[in-house]
Amino acid sequence: MTDYLPAGLRAEADAGDSDAIDQLIELAAEHGNMDLLRRFSDAGNSDAADLLIELATENEDLDELRRLADAGNTTAAEQLSELTAE
């Protein structure tokens, strides 16, 4: 599932390289890797959280949206409300 990651990118991200983190988040979103996005989101990365919400909304993943909403993410709460109102 992570064959798309350039060699060393994850190590650079783990070492705190912000450019590598941004690239890793973008690649994770492009490949639908919600686990990796969740990891960065849970660590406080708002870009990862936004992309995770976008993927969860597209996939109608109510559990993920609920988890994020319960953690205080208002965007996730709004998306959850919209999906459950339909």
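Biologist: Why is R38 called partly exposed?

Modeller: R38 has a relative accessible area of 21%. The classes are buried (under 20%), exposed (over 50%) and partly exposed in between, with a 1.4 Å probe and protein chains only. A value of 21% lies in between, so R38 is partly exposed.

Biologist: What kind of model do these values come from?

Modeller: The model is predicted; local features need pLDDT of at least 70 and side-chain atom pairs count only at pLDDT 80 or more, while totals for chains, interfaces and linings use all residues. Residues are numbered from 1 along each chain as its sequence is written, and side-chain values use heavy atoms, with hydrogens and water left out.

Biologist: How many helices and strands does the protein chain have, and what makes a run of residues count as one?

Modeller: There are six helices and zero strands. Both are DSSP runs numbered from the N terminus: helices are H or I with at least four residues, strands are E with at least two. From the N terminus on, the order is α-α-α-α-α-α.

Biologist: What makes the pair E64 and R38 a salt bridge?

Modeller: A salt bridge needs a side-chain nitrogen of Lys or Arg within 4 Å of a carboxyl oxygen of Asp or Glu. The closest N and O atoms of E64 and R38 are 3.0 Å apart, so the pair qualifies. E64 lies in helix α5 and R38 in helix α3, so the bridge ties together parts that are 26 residues apart in sequence.

Biologist: Is E64 buried or exposed?

Modeller: The relative accessible area of E64 is 5%, which makes E64 buried.

Biologist: Which other residue forms a salt bridge with E64?

Modeller: R67 does, with the closest N and O atoms 2.8 Å apart. E64 and R67 are three residues apart in helix α5, which is about one helical turn. An α-helix has 3.6 residues a turn, so residues three or four places apart point the same way. R67 is partly exposed, at 30% relative accessibility. D35, R38, D42, E64 and R67 are linked in a network of salt bridges.

Biologist: How do you know that R66 and D63 form a salt bridge?

Modeller: Their N to O distance is 3.4 Å, so the pair meets the same rule. R66 and D63 both lie in helix α5, three residues apart. R66 is partly exposed, at 34%, whereas D63 is exposed, at 59%. By this rule the count comes to six salt bridges.

Biologist: What puts the buried residues of α5 on the same side?

Modeller: The buried residues are E64, L65, L68 and A69. They cover an arc of only 135 degrees around the axis, the arc being that of the directions from the helix axis to the C-beta atoms, so they lie on the same side of α5. On the other side, D63 and D70 are exposed. The cover over the buried residues includes α3 (34-42), α4 and α6 (74-85).

Biologist: How is the packing of α4 and α5 described?

Modeller: Two packed helices are described by the angle between their axes and the distance between the axes. The axes of α4 (residues 46-58) and α5 (residues 62-70) come within 8 Å and cross at roughly 145 degrees. Axes are lines fitted to C-alpha atoms, for helices over the stretch in contact, and angles run from 0 to 180 degrees between N-to-C directions.

Biologist: Which residues meet where α4 and α5 touch?

Modeller: L52, I53, A56 and T57 in α4 meet E64, L65, R67 and L68 in α5, where contact means heavy atoms within 4.5 Å.

Biologist: Where is T57, and which residues does T57 contact away from its neighbours within four places in sequence?

Modeller: T57 is in helix α4. With those neighbours left aside, T57 is in contact with L65, Q79 and L83. T57 and L80 are 23 residues apart in sequence and 7.8 Å apart in space, C-alpha to C-alpha.

Biologist: Why is E60 called exposed, and where is E60 found?

Modeller: The relative accessible area of E60 is 55%, over the cut-off, so E60 is exposed. E60 is found in the loop between α4 and α5. Its phi is positive, about 50 degrees, although E60 is not a glycine. Just after α5, G72 also takes a positive phi, of about 105 degrees.
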